[in-house]
Amino acid sequence: MTVTSPSFDELDRQIITILIDNARASFAEIGKAIGLSATAVKRRVDRLRKADVITGFRATVRPAALGWRTEAYIEVYCDSAASPRRIAEVARKYPEIASAMTVTGAADALLHIRATDVGHFEEVLEQIRSEPFIRKTISCMVLSHLLPESLEAGASGSAPEAFTGGSAGDAGMLL
């Protein structure tokens with residue numbers, strides 16, 4: 001199966017950059033910034049949504065403001081019968097799992113956990129470990145965010161280099 005990237009031009013890139021920085025920007029505000037009418041911006045956004053380039057709009061919040069003060073990453077090692085679908089089913093069971101992905105290397109998956117405190121994290125970890133196909137886990141607690149403006153840290157992101165032409169050091173993270 002071949003996946004093709006949708007074609008988009010510099011105006012589309014500018015629209016995406018503005019929406020990454022402020023998903024609440026109006027079509028009129030975006031149009032004024034890039035020299036298009038609000039109607040033209042709406043058509044482009046609709047096209048980008050239909051092409052699955054823009055997949056949604058979100059509010060970004062500081063996890064600590066919601067009581068999630070403890071954060072960790074868990075490497076998950078499964079028996080040979082664990083499919084990505086099965087791991088995803090487990091990940092969906094726990095609201096503390098902020099993200100889950102399969103990875104290369106020795107681990108089968110990586111889970112990003114947010115909890116209210118260390119005791120809460122330990123409870124979630126024990127529940128995950130009790131899944132019958134999970135062989136072992138290795139946990140790493142987050143002490144601090146070295147890039148506090150990243151989405152992982154709960155900040156709003158900025159457009160990556162591919163959209164802005166900036167350097168890799170200027171790149172933010174997308175949701």
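Let me start with how this chain is connected: among its contacts with a separation of 6 or more, 61% are between residues 24 or more positions apart. Please keep in mind that we are looking at a predicted model.

Now the overall layout. The protein chain has six helices and four strands. Reading from the N terminus, the order is α-α-α-β-α-β-β-α-β-α. The chain has 175 residues, and 32% of them count as buried.

How do two packed helices get described? By the angle between their axes and the distance between those axes. Take H1, residues 10–21, and H3: they pack at an angle of about 85 degrees, and their axes are 11 Å apart. Angles of 65 to 115 degrees count as roughly perpendicular, so H1 is roughly perpendicular to H3. On the H1 side, the contact is made by Leu-11, Asp-12, Ile-15, Ile-16 and Leu-19, and on the H3 side by Val-41, Arg-44, Val-45, Arg-47 and Leu-48. Sorted by class, that contact has seven nonpolar, no polar and three charged residues.

Arg-44 sits in helix H3, which covers residues 38–50. Is Arg-44 buried or exposed? Its relative accessible area is 17%, and buried means under 20%, so Arg-44 is buried. If we skip its neighbours within four places in sequence, Arg-44 is in contact with Asp-9, Leu-11, Asp-12, Ile-15 and Leu-36.

H3 has another partner, H2, which spans residues 27–34. The axes of H2 and H3 come within 8 Å and cross at roughly 105 degrees, and therefore this pair is roughly perpendicular too. Here Phe-27, Ala-28, Ile-30, Gly-31 and Ile-34 of H2 meet Ala-38, Val-41, Lys-42 and Val-45 of H3. By class, the contact of H2 with H3 has seven nonpolar, one polar and one charged residues.

Asp-52 lies in the loop between H3 and S1. Its phi is near 65 degrees, which is a positive value in a residue other than glycine. Asp-52 counts as exposed, at 55% relative accessibility.

On to the inside. In soluble globular proteins, nonpolar side chains tend to be buried together. In this model, the largest nonpolar core has 20 residues, and those touching the most other members are Ile-74, Ile-113 and Ile-128. Which elements give two or more residues to this core? They are strand S1 (70–78), helix H4 (84–93), strand S3 (109–115) and helix H5 (118–129). Look at Ile-128 as an example: leaving aside neighbours within four places in sequence, Ile-128 is in contact with Ile-74, Tyr-94, Ile-97, Leu-111, Ile-113 and Ile-134. Apart from this core lies another one, of ten residues, among them Ile-16, Ala-25, Ile-30 and Val-45.

Ile-87, Val-90 and Ala-91 are its buried residues to look for. They cover an arc of only 100 degrees around the axis, which puts them on the same side of H4. The background is handy here: an α-helix has 3.6 residues a turn, so residues three or four places apart point the same way. On the other side of H4, Arg-85, Arg-92 and Lys-93 are exposed. And what covers the buried residues of H4? The cover includes S1, strand S2 (97–102) and S3.

Beyond neighbours within four places in sequence, His-120 is in contact with Trp-68, Glu-96 and Ala-115.

Phe-121 counts as buried, at 6% relative accessibility. Not counting residues up to four places away in sequence, Phe-121 touches Thr-70, Ala-72, Ile-74, Ile-113, Ala-115, Ser-139 and Met-141. How far apart are Phe-121 and Met-141 in sequence and in space? They are 20 residues apart along the chain, and 9.7 Å apart from C-alpha to C-alpha.

Definitions and conventions. Residues numbered from 1 in each chain as written. Predicted model: local features only at pLDDT ≥ 70, side-chain atom pairs only at ≥ 80, totals over all residues. Heavy atoms only, no water. Buried < 20%, exposed > 50% of the residue type's maximum accessible area, 1.4 Å probe, protein only. Contact = heavy atoms within 4.5 Å. Core = buried A, V, L, I, M, F, W, Y, C linked by side-chain atoms within 4.5 Å. Axes fitted to C-alpha atoms, helices over the stretch in contact; angles between N-to-C directions. Parallel < 35°, antiparallel > 145°, perpendicular 65-115°, else oblique. Nonpolar A, V, L, I, M, F, W, Y, C, P; charged D, E, K, R; others polar. Arc of directions from axis to C-beta.
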